[in-house]
Structure formats: C-alpha cells, structure tokens
Amino acid sequence: MRIYLASTSPRRKEILVKIIKNFTRISPEIEEKEYLELSTKEKAVRRSKDKCIAGVNLVREKGMVIIASDTVVDFKGKIMDKPKNKAEAYSMISRLSGNSHNVYTAVSVYKDGIMYTFTEKTKVNFNHIPDEEINKYISTDEPYDKAGGYGIQCEFGKQYISNIDGDYYNVMGLPASRLYRMLRELGVIDSGEFEI
C-alpha cells in the first residue's frame, strides 16, 4: 500500500509525518473553485474531494491511498481565502483583530475505491492587533499562502491569538488526531505511530 498526500503545503507535510513515516507528496493539477453557492464548511468539503479525485486520477495505482484536504476561514459567515495582495491581507487581518472566527478543514481519504470525508472546526480568538503591526506583517511574505492571511504556528499568530477551541493542527491545515483515528479505522496505519 502506497500513501500519497495530495498537497505541496509544507505545513500539511509537517503534520502528516507525525502520523505516517512513509508517504509521497503529489501536486495534482487542479483549479480551486470558488463554489459561491456553498457554505464555508461545504466549500471545504467540495474542495477536499476535488483535490482527492485529482490525486486519484494522477496516481492510478492499485492499492493506493490518497489524502487531500482544504482549509477555509469563516469570519461571520464570510469566507477568507488566501489574500492576493497587501490590501486584501490588511483587510483580513484588521477584521480578525479583536474578534473570533472559525476554521474548517475538510479531509478526504481515498482507499479501495471509496472516498471517506470528514470536517473539523476550530474557533480562533484574536487579541487586538495594532495597525502598525498589521502593516509590518503584511509587508512580509507570510500572509499570502495561508487562508485568512495568518498561520497559527508563526510568530505573528503566536503573538496575537489569545486562545482556541478545538484542534490546533486543524488551523494549520490538517486535523491530526481525527485523521489518525480515520487512518487506523481504515487499516492504513497501525496503533502506536502517532507522535504529536
């Protein structure tokens, strides 16, 4: 059985390696669709399934296991994707400042011709962020490859996130504990491999 992670995200790789030692990262060609008619949670589910299907079509091996995920930030019912420029990054971070929001990550796992999907939700609370700190932050490369424009594991996130309700790794992009349980139930991994 060969296991594939359908993601080039260094954060997802970092999390998955704590659960599975041997897997291959692949980068299926896929356009992330907007799915404007869907809720935040439904959008994450649809995108994770799209990525998983693209991974299946790319690998096409007997006995393959494909893992794909998608993370979206929901601020008061509105979706925050990765900011495309400084103006978007500033708008996102200034709205998150002093407020709470939800992070949804949907994970799809393909094994033996069946796709299994689940969604994890984490509530994230931010302290107030001074305007000069927002401007300093958006001048770095940090915000532009992350949903909502921030990473919980980065210095900026550590400084201004006051607390979370839910799975820390979910905010990073891969809910480790839930994924571990699913992979065990599917017989992909044995017990005792979880090192978080």
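The model is predicted, so local features need pLDDT of at least 70, side-chain atom pairs count only at pLDDT 80 or more, and totals for chains, interfaces and linings use all residues. Residues are numbered from 1 along each chain as its sequence is written, and side-chain values use heavy atoms, with hydrogens and water left out. The protein chain holds 7 helices and 7 strands, and 52% of its 196 residues are buried.

**Fold and overall dimensions**

- Going along the sequence, the elements come in the pattern β-α-β-α-β-β-α-β-β-α-α-β-α-α. Helices (H or I, at least four residues) and strands (E, at least two) are DSSP runs, numbered from the N terminus.
- The C-alpha trace spans about 55 × 35 × 25 Å along its principal axes.
- Of the contacts between residues at least 6 apart in sequence, 66% join residues at least 24 apart. Here, contact means heavy atoms within 4.5 Å.

**Surface and charge**

- The accessible surface of the protein chain is about 9800 Å², and carbon and sulfur atoms account for 45% of that area. The areas come from the Shrake-Rupley method with a 1.4 Å probe; for residues, only the protein chains shown count as cover.
- For single residues, buried means under 20% relative accessible area, exposed means over 50%, and partly exposed is in between (1.4 Å probe, protein chains only).
- There are 31 positive and 28 negative side chains, and the centres of the two sets lie 2 Å apart. Lys and Arg count as positive and Asp and Glu as negative, while His and the chain ends are not counted. Each charge is placed at NZ of Lys, CZ of Arg, CG of Asp or CD of Glu.

**Salt bridges**

- Side chains of opposite charge can pair when their charged atoms come close. A salt bridge is a side-chain nitrogen of Lys or Arg within 4 Å of a carboxyl oxygen of Asp or Glu, and the count by this rule is 13.
- Arg-2 and Glu-61 form one of them, at 3.7 Å from N to O. Arg-2 sits in the segment before strand 1 (3–6) and Glu-61 in the loop between helix 2 (40–59) and strand 3 (65–75), 59 residues apart. Arg-2 is partly exposed at 46% relative accessibility, and Glu-61 is partly exposed at 30%.
- Asp-81 pairs with Arg-47, with the closest N and O atoms 3.2 Å apart. Asp-81 lies in the loop between strand 4 (78–80) and helix 3 (86–96) and Arg-47 in helix 2, so the pair ties together parts 34 residues apart in sequence. Both residues, Asp-81 and Arg-47, are buried.
- Glu-120 pairs with Arg-178, their closest N and O atoms being 2.9 Å apart. This pair links strand 6 (residues 114–126), which holds Glu-120, to helix 7 (residues 176–185), which holds Arg-178, 58 residues apart. Glu-120 is buried at 19% relative accessible area, whereas Arg-178 is partly exposed at 29%.
- Salt bridges with shared partners join Glu-34, Lys-43, Arg-47, Lys-51, Asp-70 and Asp-81 into one network.

**A look at Leu-5**

- Leu-5 belongs to strand 1 and counts as buried, at 1% relative accessibility.
- Leaving aside residues up to four places away in sequence, Leu-5 touches residues including Leu-16, Phe-23, Ile-26 and Ile-67.
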